[in-house]
Amino acid sequence: MTISMYKTSVPIFVQFLTSMSAVLDKAAAHCEAKKIEPATLLNMRLYPDMFPLVRQLRAVTDHAISGTARLAGAELITFPNNEASFPEVKDRIAKTIDFVKSFKPQQINGTEDKEILVKFSTGERKFNWQTFLLNFRLPKFLFSRHHRLRHPAPLRHRARQARLHGNAGNALE
């Protein structure tokens with residue numbers, strides 16, 4: 001059975017980017033209510049070897065841009081990667097959504113069997129586009145969006161750390 005490459009990419013990217021933007025609204029409101037400097041949350045890491053939240057947000061947008069543009073054979077848009085506030089990150093997400101939505105089904109459908117060569121640090125690997133989208137690009141996008149970008153998680157982590165160190169009253173201040 002043939003799948004629609006368009007339906008398997010564009011609507012999914014748009015849905016998750018839109019929800020991610022809404023979560024950022026909640027995080028910004030939380031920062032304002034608790035008098036937390038937004039940069040504190042945006043630069044938090046859940047674990048020392050993980051990227052900070054703002055870098056992970058950039059990765060999510062990059063995956064959506066790369067996935068759709070490459071499927072359509074179009075040029076990728078780029079950003080300066082210097083977002084440091086909620087409005088700047090939300091602007092990047094909005095521009096990504098607009099870019100992803102600019103593609104029409106006829107630009108993406110029919111690419112299932114086209115070949116792509118992906119370069120890794122260990123060498124190169126050939127994929128067809130369907131395999132690339134379903135087994136490589138979408139999992140990276142969804143992993144970034146769901147696992148690493150569980151926005152309440154940095155706040156919960158910060159509260160736990162404060163409780164462990166005996167200053168629970170100041171956990172999120």
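**Entry 1: the model and its overall make-up**

I am working from a predicted model. I looked up the secondary structure before anything else. The chain has seven helices and two strands. I then read the order along the sequence and noted α-α-α-α-α-β-β-α-α.

Next I checked burial. The chain has 173 residues, and 41% of them count as buried. I also looked up the accessible surface. The chain exposes about 9800 Å², and carbon and sulfur atoms account for 52% of that.

Then I turned to contact range. I took contacts between residues at least 6 apart in sequence; 67% of these join residues at least 24 apart.

**Entry 2: H1 against H4**

I needed two values here, since packed helices are described by the angle between their axes and the distance between the axes. H1 covers residues 10-34 and H4 covers residues 86-101. Their angle is about 165 degrees, and their axes lie 10 Å apart. Angles over 145 degrees count as roughly antiparallel, so H1 and H4 are roughly antiparallel to each other. I noted a left-handed crossing for H1 and H4.

Which residues make the contact? On the H1 side I listed Val10, Phe13, Val14, Leu17, Thr18, Met20, Ser21, Leu24, Asp25, Ala27, Ala28 and Cys31. On the H4 side I listed Phe86, Val89, Lys90, Ile93, Thr96, Ile97, Val100 and Lys101. Sorted by class, the H1 contact with H4 holds 14 nonpolar, three polar and three charged residues.

**Entry 3: H1 against H3**

I repeated the look-up for H1 and H3. They pack at an angle of about 160 degrees, and the axes are 10 Å apart. H1 is therefore roughly antiparallel to H3. The H1 and H3 crossing is left-handed.

H1 contributes Val10, Phe13, Leu17, Met20 and Leu24. H3 contributes Leu57, Val60, Thr61, His63, Ala64, Gly67 and Thr68. I counted the classes for H1 with H3 as eight nonpolar, four polar and no charged residues.

**Entry 4: Thr68**

Thr68 was on my H3 contact list, and I followed it up. Thr68 sits in helix H3, residues 53-72. Is Thr68 buried or exposed? Its relative accessibility is 0%, so Thr68 counts as buried.

What does Thr68 touch, leaving aside neighbours within four places in sequence? I found Val10, Phe13, Phe99, Val100, Phe103 and Ile108.

Definitions and conventions: Residues are numbered from 1 along each chain as its sequence is written. This is a predicted model: local features need pLDDT of at least 70, side-chain atom pairs count only at pLDDT 80 or more; totals for chains, interfaces and linings use all residues. Side-chain values use heavy atoms; hydrogens and water are left out. Axes are lines fitted to C-alpha atoms, for helices over the stretch in contact, and angles run from 0 to 180 degrees between N-to-C directions. Helices (H or I, at least four residues) and strands (E, at least two) are DSSP runs, numbered from the N terminus. Angles under 35 degrees count as roughly parallel, over 145 as roughly antiparallel, 65 to 115 as roughly perpendicular and the rest as oblique. A crossing is left-handed if the near helix is turned anticlockwise from the far one by less than a right angle, and right-handed if clockwise. Contact means heavy atoms within 4.5 Å. Ala, Val, Leu, Ile, Met, Phe, Trp, Tyr, Cys and Pro count as nonpolar, Asp, Glu, Lys and Arg as charged, and the others, Gly among them, as polar. Buried means under 20% relative accessible area, exposed over 50%, partly exposed in between (1.4 Å probe, protein chains only). Accessible areas come from the Shrake-Rupley method with a 1.4 Å probe; for residues, only the protein chains shown count as cover.
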